[in-house]
There are 2 protein chains.
Amino acid sequence: MQKAIQNRTIKTRAKLLSAAEAVIQSDGYQALRVEEVVKAAGVAKGTFFAHFNDKDALMEILIGERLNACLDQAEAGTPPKTVPEIIAALEPAHSFMTSERYVFDLLIRYSGATAVADIGPIAYCFERYFRVVMLWLEAADMRKDVSSELLAEGVQAFAIQAMSLRFCALHSATTFTDRLETYLDAWLTPTG
Amino acid sequence: MQKAIQNRTIKTRAKLLSAAEAVIQSDGYQALRVEEVVKAAGVAKGTFFAHFNDKDALMEILIGERLNACLDQAEAGTPPKTVPEIIAALEPAHSFMTSERYVFDLLIRYSGATAVADIGPIAYCFERYFRVVMLWLEAADMRKDVSSELLAEGVQAFAIQAMSLRFCALHSATTFTDRLETYLDAWLTPTG
DNA sequence: ATGAAAAAATGACCACGGTCAATATTAAAT
DNA sequence: ATTTAATATTGACCGTGGTCATTTTTTCAT
């Protein structure tokens, strides 16, 4: 006997999500505690885990939302044609992705879907990032000896590398943007 | 008044390390519990944290050791000259790095040193990986329009990308080796 | 040998994510 | 309106990483 989804379900879920957003707003993602969220939402702890498999699932949703907004912004502008333009267009996304060490680590951890069944919000965002970049590259004046798919995968790999090094004290001499530009010049318009 | 380092210190540390190795040997890295390690080592829990800052610090040591052994192996052979040879030389390292999801995630998380002061075993391994590849590339017949440093950084970025996708159900059609070969061909010997 | 100070080890304790049997609420069938 | 079963909520409880005041052991100057 299938019963309709209850009103209070979506209400509780909304309460949890907005409580979590408030916590993050003031203290960042890293500092979020499930106990604090449920207290702010006025529900029991068990309720949280009835709505989200685990804390990471909530994080995936919230981080995925923000990242999707960045990708919306990237898609809204006129398609970038050059490496600096591409980097500029992706800047909001990259900036958010490296806003917190915690966020970056979680993004990497969930960037790939473990099972085809559970493509989470973050895995979806990575797919979308890839697709957006691929479309740009197709219309831009880049090397044509390999497919746009491959080029886009490479852009993603280099962006992740550059973001990783942003957190690394050993490589802090070069800025993120400079490094990524060096990578992408060499990747997208080789002269060798 | 500075006092000499005590014998029991290194003995206790050795006990903890070998106990941890035994646990990992039988159940893998993911399953390691600090309580189990201290029980096997016959010490109190507090002692563990007097020897290692946290569980991750122990993991860094053990994983770094194994990875260093893989890099020893890579350096022992004759320097690879072609992309397939490079991939073959790095195979033990890549294989270990992706042996467990837990291991891969930890590697990525500690691949960069947060502060110059604390270059951990894993950050050191990544530096070493980079250096080894760079030396190979200098002696191989690869594109010369960009520096070997840059090429080596790219190899690392693509290797990480290929390893990431190994855990991803969405991209399981292509094997790790095939994917990495495609990446490195396009990166190291572009024809565009 | 003795006393003092530094180093090491201890284990009760805490923080926090996550579980689950019990309870409460809701929607539909009668 | 009453019953029934699916759904939602609860909070005591657990597992595990990590802390710290206290105790034990070692080292060294005398």
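Predicted model: local features only at pLDDT ≥ 70, side-chain atom pairs only at ≥ 80, totals over all residues.
The side of domain 1 that touches domain 2 draws on helical elements of chain A. Two or more residues each come from α1 (7–27) and α3 (45–51). The top contributor is α1(A), which gives 5 residues to this side of domain 1. By class, the side of domain 1 that touches domain 2 holds 9 nonpolar residues. It also holds 3 charged and 2 polar residues.

The two domains divide chain A along its sequence. Domain 1 covers residues 1–52, and domain 2 covers residues 54–188. The contact between them takes 14 residues from domain 1 of chain A and 14 residues from domain 2 of chain A. Over C-alpha atoms, the centres of the two domains lie 29 Å apart.

The buried area between domain 1 and domain 2 of chain A is about 1200 Å². Carbon and sulfur atoms give 72% of that area. On the side of domain 1, three residues stand out: A:Tyr29, A:Gln30 and A:Phe52. Together they supply 51% of the area that domain 1 buries against domain 2, more than any other three residues.

Notes: Residues numbered from 1 in each chain as written. Chains lettered and ligands numbered in written order. Heavy atoms only, no water. Domains from an automatic or database assignment. Contact = heavy atoms within 4.5 Å. Buried area = accessible area lost by both parts, 1.4 Å probe. Helix = DSSP H or I, 4+ residues; strand = E, 2+ residues; numbered from the N terminus. Nonpolar A, V, L, I, M, F, W, Y, C, P; charged D, E, K, R; others polar.
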